[in-house]
Amino acid sequence: MQSTEISKSAEECCSSFDPSLYRDGRSKDYKLIKWIDKPFVVDGTRCLFHVPLAFGSAVMRAMKKIELSGAQVPKKDFMILSDCSSPWWSDVLVSTSNVYVEGAEVTMISGLYLAKAFEGDYSNMGKWVQEINELVVEVKKSTVKEEEEEHEKEILPNANNEVSEQEEELELLPNANVKKEVIKQKEDDELLPNTKKVTRQKDGSIFFYYPTCPKCAKKYGKNYVVIFAWISEV
């Protein structure tokens, strides 16, 4: 009975991956995805040319912290990312439904990201990174052009009045937003002093998502990697 359950569990290890989830219709082989303060528990491992070497161990450590703190992983859109900003080191990010996980670093990811699914051997990683960077430049140029065209079409007859009213409000409460942020940060620190919150949102950020483990990739006959590249703030 036990061997049957283990065999069944192995068969259902990773679901088959659908790359069309990261395509925007038929015309684009990529998709723009918006994240706002999406929380991840952070661990890390060495990597070789952007490929994590002890990925599973880092994931297990992060999952254990989530479990021990009473937090949960999201039932929807659960993913494990690697942030290989260096060819030799990778931060491993495990998504969680909780903003606070005691004893762990929780990073909040925000931004508009370009996501594209690649298929092939990990030896192609460098080529894929170069391709995604070139694609980001193209998308940014087209986005700026669209914003400029949209701005020219806008008619704002009350713009000056709105600006004046906003300036008056700022003069009345010059430090209101700053005080709120300080109070909120103090509350966060008092709630869980061992939790570290970091917001990642910067130009050049790239995350790698491995939808299937190597064993399941071999079983399905396809090895996919989804790359998320930062486009802009949200």
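Predicted model: local features only at pLDDT ≥ 70, side-chain atom pairs only at ≥ 80, totals over all residues.

Reader: Happy with that. How many residues of strand β3 are buried?

Author: Two terms come first. Strands (E, at least two residues) and helices (H or I, at least four) are DSSP runs, numbered from the N terminus. Buried means under 20% relative accessible area, exposed over 50%, and partly exposed in between, with a 1.4 Å probe and protein chains only. In β3 (residues 80-86), 5 of the 7 residues are buried, so the strand is largely enclosed by the rest of the structure.

Reader: Which strands pair with β3?

Author: Two strands pair if DSSP finds at least two bridges between them. Strand β4 (residues 89-95) runs antiparallel to β3 and is joined to it by 5 bridges; the hairpin between them passes through 2 residues. Within this pairing, D83 has D91 as its bridge partner. Strand β7 (residues 206-209) is also antiparallel to β3, with 2 bridges, and there Y209 stands opposite L81.

Reader: Now the largest pocket: what is its volume, and which residues lie nearest its centre?

Author: The search uses a 1 Å grid over the protein atoms alone; a pocket is an open set of points where a 1.4 Å probe fits, with protein on both sides within 12 Å along at least five of seven lines, and lining residues have an atom within 4 Å of a point. The largest pocket has a volume of about 940 Å³. Its lining has 30 residues, with I80, Y209, Y210, P211 and T212 nearest the centre. The elements giving two or more residues to that lining are β1 (31-48), β2 (51-52) and α2 (55-68).

Reader: And in strand β1, is K34 buried or exposed?

Author: K34 lies in β1 and is exposed, at 56% relative accessible area. Contact means heavy atoms within 4.5 Å; leaving aside residues up to four places away in sequence, K34 touches G111, L112 and V234. Its C-alpha atom is 6.2 Å from that of Y113, 79 residues apart along the chain.

Reader: What about the phi of D37?

Author: D37, also found in β1, has a phi near 50°, a positive value in a residue other than glycine. With 41% relative accessibility, D37 is partly exposed.

Conventions
Residues numbered from 1 in each chain as written. Heavy atoms only, no water. Points joined across faces, edges and corners; volume = space filled by probe spheres on them.
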